[in-house]
Amino acid sequence: MTPVDDGGWWPLAQRYDSPHYDERPDPADITLLVIHNISLPAGQFGGPHVSDLFTGRLDYNADPSFADLRGLRVSSHFFIRRGGRVLQYVSANARAWHAGRSEFCGREKCNDFSIGIELEGTDDTPFEAAQYEALAVLTLALQERYPLADVLGHEHIAPGRKTDPGVLFDWSHYQQSWRKNRQLAMSQCGTLVAALGELRFVKGLLQSQ
């Protein structure tokens, strides 16, 4: 398993540096993983616009729907394409701007203590097997370096405001892929047993259920 380096970058991810980040209040407090989905324009996959948004280079005239994004300064640590390719915009050591107004277990400002992963997709499009596999492998790499304890969707930390990753995100598939890759990693390197502890996966219910 390829670990995240000391600088918070994953060598297996294609790097695109975003200016949209700042320092965490407590660099040792990184305990939450937040799963999102995104596509620009909505429902269109494979284009450059998500990376352009996260790196502050989006051409707002490229599509009429982009007018609403003008001036928006957002980022995610990672973005997983439909084919499973992983892109990284912000060091996991730093605070990306992915969660917005949010709360988890009585703690507000989830950006302070979370890592954000965007999946290329929509709420009403099934995700690809390659994305679940890449997500599981990335999750384990992050666990090896950071004390992650919980995995939730954006919808669960911003109920009523956000709906992603949506009802078609298969939390069971994600968890099963994570367990399979975790077992493989531990069989290959016994010293990983302590680092790759259990994660609490949300049950996948929408905020309205």
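Biologist: Which residue has a side chain that a polar contact of 3.0 Å joins to the side chain of T55?

Modeller: That residue is R57, whose side chain meets the side chain of T55 at 3.0 Å, where a polar contact is a pair of N or O atoms within 3.5 Å, one able to donate a hydrogen and the other to accept it within protein, residues adjacent in sequence counting only if both atoms are side-chain atoms. A polar atom of the T55 side chain also lies 2.7 Å from the backbone oxygen of S51. This is a predicted model, in which local features need pLDDT of at least 70 and side-chain atom pairs pLDDT 80 or more, whereas totals for chains, interfaces and linings use all residues. Residues are numbered from 1 along each chain as its sequence is written, and side-chain values use heavy atoms, with hydrogens and water left out.

Biologist: Where does T55 lie, and is T55 buried or exposed?

Modeller: T55 sits in the loop between α1 (49–54) and β4 (78–80), helices (H or I, at least four residues) and strands (E, at least two) being DSSP runs numbered from the N terminus. T55 counts as buried because its relative accessibility is 10% (buried is under 20%, exposed over 50%, partly exposed in between, with a 1.4 Å probe and protein chains only). Beyond its neighbours within four places in sequence, T55 is in contact (heavy atoms within 4.5 Å) with Y16, D17, S18, P19 and Y89. From C-alpha to C-alpha, T55 and D26 are 24 Å apart in space and 29 residues apart in sequence.

Biologist: What should I read at H98?

Modeller: H98 is placed in the loop between β6 (95–96) and β7 (103–104), and with a relative accessible area of 7% H98 is buried. Residues up to four places away in sequence aside, H98 touches V34, H36, S75, S76, H77, N111, S114, I115, G116 and H154.

Biologist: Which residues of α2 and α4 meet?

Modeller: A129, Y132, E133, L135, A136, V137, T139, L140 and Q143 in α2 meet H173, Y174, S177, W178, K180, N181 and R182 in α4.
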